[in-house]
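My entries follow the structure.

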Amino acid sequence: MLVQIPDLLTPNEVALCRATLKAADWVDGKVTAGAQSSEAKTNLQVPENSPQGRQLGDVVLRALGRNPIFTAAALPLRVFPPLFNRYDTGMGFESHVDNAIRFVTGANVRVRTDISVTVFLTDLKDYDGGELIVEDTYGEQSVRFPAGHAVLYPATSLHRVAPITRGSRWASFFWVQSMIKDDGKRRELYDLDRAITETRIALGDKHHASVALTAVYHNLIRRWSEL
Ligand code: NI
């Protein structure tokens, strides 16, 4: 399941990210890649423990905390501290899968990567190429969203970033360990959550159907969640 989150970041937050990243140190993106994917990857990243990266990571985490689509789609247990990358003209990332477990540098915490997230930080008019292409069971899905928008996709899927043919594509990327490990179950819960929202609007919060469906939603989370 691919989920788009429009306007995760406000225009001011995007501007803050861009201004801070302009002054940041960038290193070869192979530092966070596994042995196999490092051969497929050409991009630049802000180092994991850089002060600018941590400051902007907190901006992204706060935005996630106030976003109902993120909460409903990810059902997050842990979020890896957001990282920042940049693909300049000619750079890209060939087909790969993300590592299953990530260690948070400086903290004794492991994150199982159930969901991958990209938050776009460059206006679409400022670069060409750079599509995020995700191989789904339904075929390939290609996304390229405006600055401030985010996309969630299953970390289990093969994915790539098409080469940039003009300009530079900046983004934040990170992973989420969900309370619901299984992508199919998470999708059912997301679909159910949206159907409940529609039911509440159509029939009201006190209608028996609204209450009963909400009970089913919470009981499924009780049965399926791992904390
Ligand atoms: Ni990846």
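Entry 1: At roughly what angle do the axes of helix 1 and helix 3 cross? Before I answer, I note that this is a predicted model, where local features need pLDDT of at least 70, side-chain atom pairs count only at pLDDT 80 or more, and totals for chains, interfaces and linings use all residues. Residues are numbered from 1 along each chain as its sequence is written, and side-chain values use heavy atoms, with hydrogens and water left out.

I found that the axes of helix 1 (residues 11–22) and helix 3 (residues 51–65) cross at roughly 165 degrees and come within 10 Å. Helices (H or I, at least four residues) and strands (E, at least two) are DSSP runs, numbered from the N terminus. Axes are lines fitted to C-alpha atoms, for helices over the stretch in contact, and angles run from 0 to 180 degrees between N-to-C directions. Helix 1 and helix 3 are therefore roughly antiparallel (the term for angles over 145 degrees).

I then looked up who touches whom, with contact meaning heavy atoms within 4.5 Å. From helix 1 come Glu13, Leu16, Cys17, Thr20 and Leu21, and they meet Gln52, Gln55, Leu56, Val59 and Ala63 in helix 3. I sorted the residues of this contact into 6 nonpolar, 3 polar and 1 charged. Here Ala, Val, Leu, Ile, Met, Phe, Trp, Tyr, Cys and Pro count as nonpolar, Asp, Glu, Lys and Arg as charged, and the others, Gly among them, as polar.

Entry 2: I turned to helix 5 and helix 6 (residues 208–224), whose axes come within 9 Å and cross at roughly 160 degrees. That makes helix 5 roughly antiparallel to helix 6. Their contact includes Leu189, Leu192 and Ile196 of helix 5, and Leu213, Tyr217 and Leu220 of helix 6. I noted 11 nonpolar, 3 polar and 3 charged residues in this contact.

**Entry 3: cavities.** How many cavities of 30 Å³ or more are there? I got 2. A cavity is a set of points on a 1 Å grid over the protein atoms alone where a 1.4 Å probe fits but cannot get out, and lining residues have an atom within 4 Å of a point. Grid points are joined across faces, edges and corners, and a volume is the space filled by probe spheres set on the points.

The largest cavity holds about 300 Å³. Its lining has 27 residues, and Phe93, His96, Asp98, His159 and Phe173 lie nearest its centre. Strand 16 gives the largest share of this lining, 5 residues. By class I noted 12 nonpolar, 11 polar and 4 charged residues.

The second largest cavity has about 50 Å³. Among its lining residues are Met1, Val3, Tyr153 and Arg186. Strand 14 supplies the largest share, 3 residues. This lining has 8 nonpolar, no polar and 2 charged residues.

How values were computed: Angles under 35 degrees count as roughly parallel, over 145 as roughly antiparallel, 65 to 115 as roughly perpendicular and the rest as oblique. On a 1 Å grid over the protein atoms alone, a cavity is a set of points where a 1.4 Å probe fits but cannot get out, and a pocket is an open set with protein on both sides within 12 Å along at least five of seven lines; lining residues have an atom within 4 Å of a point.
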